[in-house]
Amino acid sequence: VYPCELPMKVYEPALNTGPDSSSGLATAGFRTAKFLPEEWQQNNYIRYHEAFADRDHSERCRHESQSLANYTAELAQRTQEDSTAKVGQRLQDIHFWKSELQREIEDLVAETDQLAAQKLRLERAIDAVEVPYSIAMDNLQCRERRQHPDLVRDQVEVELLKETELIRNVQELLKRTVKQAVNQMQLNRDHKQVCEMDWSDKVETYNIDEKCGRYSNQSTNIQFHPSSSKFEDSASTPETWAKHSHDNIYRAERERLASVNLRALVDNILHDTAEDLRLQYDVVNQNFAKRCEELEDAKHKLEHSLRKTLQEIGHQEHNIEALKQAIKDKETPLKIAQTRLYDRSFRPNVDLCRDTAQFRLISEVEELTESIDALKKKLLESEQSLRNLEDSRMHLEKEIAVKTNSLFIDRQKCMAHRSKYPTILKLAGYQ
């Protein structure tokens, strides 16, 4: 129902007829527009009719909505119960394959552990050999910190290089021996990982479906997901889903059976390699001891020479102090002679005479100057001698420090570190 249009309103000019008129100055220049009583009645009728029509339509809509809501509620309840039952059946299938995968994973873990026990001695031997190698390399690196002229390629370094070469050869031999077992263990782990990933997917899926099965109309953690009601392009079928887990278990069993045949690989070379390493260790230690004795002897000789040099430095320092005092003692007589000459230069007129006193004062200044020059020359010579002695002292101290450093490296660093060399049992792979 559309409201009728009101007739065109009539606008009349507002007239000002006199001083007592209702149209005063406030209404001057405006027009008035008012509806007729018939128009007012017609407008009210239209509003009443529109309200009645809207109420009638709303009542019919309410009855239809109630019927539709009841029907859809029953339909939703039936559909939800059926979906819950399907999810429960699916949980049983997931649990079966999850249990099978878990059993196979446990079998693979047990078999891998048994194979690892067989190669454990080889791994321990490889780890044990790392210690001698690190010791030998540390010895070589420490001895690189020796200072010149002690940085020499002596017999100790030759034997250390032999030791590192022997250790590298032993490591390669042990690694080749263990390689096949490691490869098989890696295959076992790979298939175990495949089964674990499948099992993990099953666990996650089981948890998701179990969570979905617990949802109800009273759940508070549900929300709308409009785009979820569709099939994924990569989704599998129940047949391919079951075949995937079956194939994973079959391949894992095949690798597990192959792993059973790889459990005897350990005792062939460990004893000989351990013996060889210990023999070379003893040779290196003997050369270290001999070299330390040589360094000790050289150090003692240098220390004796240093003591003699220090004594001479003390004597020369006293001599320099005496020369400096002698020079200082000549300064006062020189000042006196020069002051006399200066003052006598002010004698007036003919009294400015080149007398005997003037000649003697001049010769005195020359003698004192020559004496001071001679003393200064000897002082420079003595100071140079002292510097030479200081250089000798520094060189001797440096040589002693070099020998001390070399002894510290060979005895405190290298030989002390070599005391951590593993025993034959550890080199043979035992704990």
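## How α2 and α4 pack

Gln155, Val156, Glu159, Leu160, Lys162, Glu163, Leu166, Ile167, Val170, Leu173 and Leu174 on the α2 side meet Leu270, Thr273, Asp276, Leu277, Gln280, Tyr281, Val283, Val284, Asn287, Phe288 and Arg291 on the α4 side (contact means heavy atoms within 4.5 Å). Sorted by class, this contact has 13 nonpolar, 4 polar and 5 charged residues; Ala, Val, Leu, Ile, Met, Phe, Trp, Tyr, Cys and Pro count as nonpolar, Asp, Glu, Lys and Arg as charged, and the others, Gly among them, as polar.

Keep in mind that this is a predicted model, where local features need pLDDT of at least 70, side-chain atom pairs count only at pLDDT 80 or more, and totals for chains, interfaces and linings use all residues. Residues are numbered from 1 along each chain as its sequence is written, and side-chain values use heavy atoms, with hydrogens and water left out.

Now the geometry: the axes of α2 (residues 155–214) and α4 (residues 270–344) come within 9 Å and cross at roughly 165°. That makes α2 roughly antiparallel to α4 (angles over 145 degrees count as such).

The "coiled-coil region" annotation, from an unreviewed UniProt entry, covers residues 98–125, 285–326 and 365–406. Two of these spans look like this:

Over in helix α1 (residues 37–144) sits Glu111. Glu111 is buried, at 5% relative accessible area (buried means under 20%, with a 1.4 Å probe and protein chains only). Leaving aside residues up to four places away in sequence, Glu111 touches Arg256, Ser259, Val260 and Arg263.

Methods: Axes are lines fitted to C-alpha atoms, for helices over the stretch in contact, and angles run from 0 to 180 degrees between N-to-C directions. Helices (H or I, at least four residues) and strands (E, at least two) are DSSP runs, numbered from the N terminus. Angles under 35 degrees count as roughly parallel, over 145 as roughly antiparallel, 65 to 115 as roughly perpendicular and the rest as oblique. UniProt positions are given in the numbering used here, feature names are shortened, and annotations may be inferred rather than shown by experiment. Buried means under 20% relative accessible area, exposed over 50%, partly exposed in between (1.4 Å probe, protein chains only).
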